[in-house]
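The model comes first, then the notes.

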Number of protein chains: 2
Amino acid sequence: MPLVPEAVERLAAEFGRLPGIGPKTAQRLTFYCLRASAEMSQRLAGALTDLHTRVRPCSRCFFIADGPLCAICTDAKRDGSLLCVVEEALDVLAVERSGEFHGLYHVLGGALSPMDGVGPDELRIRELEARVAEGEIREVVIATDPDVEGEATAYYVAERLAKLEVTVSRPAHGLPAGSDLEYADELTMARAFAGRRAL
Amino acid sequence: MPLVPEAVERLAAEFGRLPGIGPKTAQRLTFYCLRASAEMSQRLAGALTDLHTRVRPCSRCFFIADGPLCAICTDAKRDGSLLCVVEEALDVLAVERSGEFHGLYHVLGGALSPMDGVGPDELRIRELEARVAEGEIREVVIATDPDVEGEATAYYVAERLAKLEVTVSRPAHGLPAGSDLEYADELTMARAFAGRRAL
């Protein structure tokens with residue numbers, strides 16, 4: 001006979017399915033919910049349900065929206081001649097936090113990863129080509145992750161866009177701000193030196 | 001105008017209310033749910049709802065149960081002459097993992113903390129006295145956390161039980177001081193129980 005009621009085991013198992021939440025954390029969250037008010041659990045449950053009924057991908061850039069277009073695509077103040085390509089919706093928020101980019105976005109939905117069965121057709125590359133082919137976009141910044149899959153995806157996307165009249169760029173690689181030189185890995189250091197600029 | 005739909009902000013806020021989950025983790029969990037299937041979110045939402053309708057405190061020891069009594073109180077193989085007093089229901093699982101204790105439990109519901117308004121009447125000490133007064137219990141192991149509040153609670157509870165004919169003990173200091181009971185590893189917990197000493 002199990003030590004705890006099935007409803008407790010089940011909630012712990014569901015928490016444990018979330019990324020970065022191991023069995024012990026899942027158990028701790030479950031027992032926290034048990035001690036907290038039923039209203040708190042209800043609010044979390046309601047928010048989870050609402051998420052999928054109220055939120056959908058933007059039909060143009062595939063960022064998240066509650067209407068046909070997202071808040072960025074409907075913002076008339078954004079520069080429609082600049083497009084930033086990212087892997088995930090969460091990456092849009094990371095770029096936005098920098099305050100450096102004022103154009104529009106295109107969320108690919110991942111990176112090329114043949115081992116995981118993610119080829120070009122699994123990403124929104126055709127949709128990207130169609131947007132660029134409309135002619136309004138002057139520059140595409142490919143801000144996929146600076147890892148193996150992200151680099152490969154960036155080069156593949158750049159090649160697909162080569163036949164169109166558009167500048168393709170990639171954010172600079174180098175030392176992260178506020179870090180210590182001695183902690184930089186070899187590849188980061190090599191890229192930082194290769195991309196050095198005159199002061 | 002906010003960058004993300006209100007439903008996304010709301011779920012991130014609810015995740016952020018859980019212990020140990022900061023704003024960035026909450027955002028990451030929210031975007032994970034967005035990408036995962038609606039069924040996964042529905043299962044988590046359902047488990048949260050079920051938790052409070054199906055689980056209640058055991059009427060005898062205040063551990064969690066889905067009937068009037070918990071799985072431990074209804075287990076005829078447990079030693080009814082031994083009682084382990086803990087602060088929280090989660091601590092029962094930590095003691096059980098050690099495999100060293102085969103008696104019953106009593107969950108106080110916290111530790112004495114005058115600063116937070118937790119006095120003796122806020123804990124289930126009266127219920128503990130009543131159980132011990134029934135006469136079947138031979139030894140009470142007070143396994144409150146080995147921190148300031150837990151030690152104070154242990155001494156207070158021991159004093160309240162002094163007038164009753166029962167041995168009162170405390171697990172040995174194999175438990176690392178100043179930590180939380182639920183994080184103890186199995187061996188430390190086992191040694192602490194095996195080496196318990198009379199107060």
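## Basis

This is a predicted model.

## The interface between chains A and B

Chain B puts 59 residues into the contact, and chain A puts in 56. About 5,400 Å² is buried between the two chains. Carbon and sulfur atoms give 71% of that area.

Three residues lead on the chain B side. B:Leu3, B:Leu48 and B:His52 supply 12% of the area that chain B buries against chain A, more than any other three residues. One of them, B:Leu48, also belongs to the helix contact described next.

## Helix α1 of chain A against helix α3 of chain B

The crossing of α1(A) and α3(B) is left-handed.

From α1(A), the residues in contact are A:Glu6, A:Ala7, A:Val8, A:Arg10, A:Leu11, A:Glu14 and A:Phe15. They meet B:Met40, B:Arg43, B:Leu44, B:Ala47, B:Leu48, B:Asp50, B:Leu51 and B:Arg54 of α3(B). By class, the contact of α1(A) with α3(B) has nine nonpolar and six charged residues, with no polar ones.

## Salt bridges

Over all chains, the whole structure holds 24 salt bridges. The count between chain B and chain A is six.

One salt bridge joins B:Asp50 to A:Arg10. The closest N and O atoms of this pair are 2.5 Å apart. The pair crosses between chains, with B:Asp50 in helix α3 of chain B and A:Arg10 in helix α1 of chain A. Both residues are listed in the α1(A)–α3(B) contact.

## Helices α5 and α6 within chain B

The crossing of α5(B) past α6(B) is right-handed.

On the α5(B) side, B:Ile125, B:Arg126, B:Leu128, B:Glu129 and B:Val132 make the contact. On the α6(B) side, their partners are B:Tyr156, B:Val157, B:Arg160 and B:Leu161. The residues of the α5(B)–α6(B) contact divide into six nonpolar, no polar and three charged.

Notes
Residues numbered from 1 in each chain as written. Chains lettered and ligands numbered in written order. Predicted model: local features only at pLDDT ≥ 70, side-chain atom pairs only at ≥ 80, totals over all residues. Heavy atoms only, no water. Left-handed = near helix turned anticlockwise from the far one by under 90°. Helix = DSSP H or I, 4+ residues; strand = E, 2+ residues; numbered from the N terminus. Contact = heavy atoms within 4.5 Å. Nonpolar A, V, L, I, M, F, W, Y, C, P; charged D, E, K, R; others polar. Buried area = accessible area lost by both parts, 1.4 Å probe. Salt bridge = Lys/Arg side-chain N within 4 Å of Asp/Glu carboxyl O.
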